[in-house]
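Me: I would like to go through the labels attached to this model and ask what each one rests on. Please set the values against the cut-offs.

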Amino acid sequence: MLSQRISAGLWIGIACFLSPGTASAQTNVPADATQERLKSLEESLNFVEHTLAKQIGDQMWFQRLADVAEIDKVRFTGPPARVTNNPTAQGAGNEIIVAAYTFLPKKYSGAGKLPLLVLVHGGVHSDIHPDGDAHVVRELIEQGYAIIAPDYRGSTGYGRDYWRLIDYGGLENDDVLAGKKWMLENHSNLDPERVGILGWSHGGMITLMNIFDHPQDYKVAYAGVPVSDLVARMGYKDQGYQELFSAPYHIGKTAADNVAEYRRRSPAWNAEKLQTPLLIHSTTNDEDVNVLEVEHLIKSLKAAGKNFEYKIYTNAPGGHAFNRLDTKLAKESRADIYRFLAKYLNPPNPVK
């Protein structure tokens with residue numbers, strides 16, 4: 001319904017823009033300029049829609065999980081933006097402000113030190129949202145984990161400027177690490193020696209880059225259908241996807257123009273750094289992250305002599321989302337994840 005209302009608003013705005021009452025004002029505007037203005041209008045309304053959806057999602061978190069968790073939305077700082085149009089402007093170089101959701105299990109509030117999980121959302125531009133993530137969060141809370149889920153730079157729901165801070169494979173990793181550190185600094189009932197990190201897709205990529213660059217910060221990690229090789233990914237994705245990465249506010253160059261930078265941001269090209277216990281899942285029919293990316297990661301880890309666990313499913317129903325659904329296979333796969341995490345984090349109520 002929200003999407004329908006915003007879409008209706010978009011067309012009302014366009015109609016007003018092109019209405020007879022404004023025709024005289026537009027008579028001398030070139031056709032390409034008109035298209036640019038329409039594009040700008042649509043983009044602005046898109047950001048409004050994301051902001052409203054985020055506000056609704058905030059309320060939904062409390063409604064869906066308040067029975068099992070103390071829920072809060074907090075803000076902390078990550079590194080300054082990597083790209084800025086005016087490096088000498090007032091405030092240039094300031095650390096950016098990152099929002100995150102925190103969940104503390106009510107049932108185990110007096111059970112001594114609790115383990116912490118950092119849950120990293122996926123998507124080139126997305127966010128942590130209850131429609132796709134609430135059931136996983138609930139399952140983790142019921143095991144006795146505290147959770148922090150950051151909306152790192154580039155996430156949706158915080159306006160155009162935050163969206164354009166995206167640094168895929170770069171400073172977003174530092175935002176997530178900053179969330180982990182904030183959680184330990186502000187909750188004395190958490191055990192700093194029992195911290196894990198997990199995520200799917202782009203979140204799986206951030207998970208991998210966090211444990212590669214900061215192995216001392218995490219006891220265990222899970223990466224589901226992780227983006228693993230940006231060089232290969234740019235080769236099989238369409239032009240629009242490539243333009244997201246080569247935009248001036250982002251990497252600024254294509255993979256062909258700066259292959260070293262794309263490798264630097266890719267887990268498969270950093271596999272020699274692994275020190276943390278790791279479980280990887282993928283499926284042969286993934287329609288988003290082609291299994292060839294994950295296979296490259298696995299081969300690289302093996303070539304580096306690393307110890308890790310993995311499973312590649314064959315044509316798992318649901319493709320990219322196969323073990324985040326409510327199917328029997330998905331629940332069994334998540335149970336495998338939870339048992340793996342529990343070996344290193346020892347939650348109060350582990351999955352059997």
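**Labels and their grounds**

Reply: Glutamate 332 is partly exposed, its relative accessible area being 39%. Note that this is a predicted model.

Me: Why is glutamate 332 called partly exposed?
Reply: Its relative accessible area is 39%. Buried means under 20% and exposed over 50%, with partly exposed in between, so the label follows from the value.

Me: Why does lysine 328 count as exposed?
Reply: Lysine 328 has 65% relative accessibility. The cut-off for exposed is over 50%, so lysine 328 counts as exposed.

Me: What makes the contact of glutamate 332 and lysine 328 a salt bridge?
Reply: The N to O distance between the side chains is 2.5 Å. A lysine nitrogen within 4 Å of a glutamate carboxyl oxygen meets the criterion, so the pair is a salt bridge. Both residues lie in helix α12 (residues 328-345), four residues apart, which is about one turn of the helix.

Me: How many salt bridges does the structure hold?
Reply: It holds 21. One of them joins the side chains of lysine 273 and aspartate 213, at 3.2 Å from N to O. Lysine 273 is in the loop between α10 (259-264) and β7 (278-283) and aspartate 213 is in helix α7 (residues 202-213), so this pair ties together parts 60 residues apart in sequence.

Me: Which accessibility label do lysine 273 and aspartate 213 get?
Reply: Lysine 273 has a relative accessible area of 29% and is partly exposed. Aspartate 213, at 35%, is also partly exposed.

Me: How do you know that arginine 264 and glutamate 261 form a salt bridge?
Reply: Their closest N and O atoms are 2.7 Å apart. The limit is 4 Å, so the pair qualifies. The two residues are three apart in helix α10, separated by about one helical turn.

Me: Is glutamate 261 buried or exposed?
Reply: Glutamate 261 has 18% relative accessibility. That is under 20%, so glutamate 261 counts as buried. Arginine 264, at 43%, counts as partly exposed.

Me: How many aromatic pairs does a search of the whole structure find?
Reply: The search finds eleven. In one of them, the ring centres of tyrosine 168 and phenylalanine 245 are 4.8 Å apart and the planes stand at 75°. Centres within 6.5 Å make a pair and planes over 60 degrees apart count as edge-to-face, so this pair is edge-to-face. Tyrosine 168 is in the loop between α5 (160-163) and α6 (171-186) and phenylalanine 245 is in helix α9 (residues 239-246), 77 residues apart.

Me: Why is the pair of tyrosine 241 and phenylalanine 245 called tilted?
Reply: The planes are 40° apart, with 5.2 Å centre to centre. Stacked needs under 30 degrees and edge-to-face over 60, so this pair is tilted. Tyrosine 241 is buried at 12% relative accessible area, and phenylalanine 245 is buried at 0%.

Me: What makes lysine 237 a charge over the ring of tyrosine 241?
Reply: Lysine 237 lies over the face of tyrosine 241, at 5.5 Å from the ring centre.

Me: Where does the charged end of arginine 263 sit?
Reply: The charged end of arginine 263 sits over the ring of tryptophan 269, 4.1 Å from its centre.

Conventions:
Residues numbered from 1 in each chain as written. Predicted model: local features only at pLDDT ≥ 70, side-chain atom pairs only at ≥ 80, totals over all residues. Heavy atoms only, no water. Buried < 20%, exposed > 50% of the residue type's maximum accessible area, 1.4 Å probe, protein only. Phe/Tyr/Trp six-rings, centres within 6.5 Å; stacked < 30°, edge-to-face > 60°. Lys NZ or Arg CZ within 6 Å of the ring centre and 35° of its normal.
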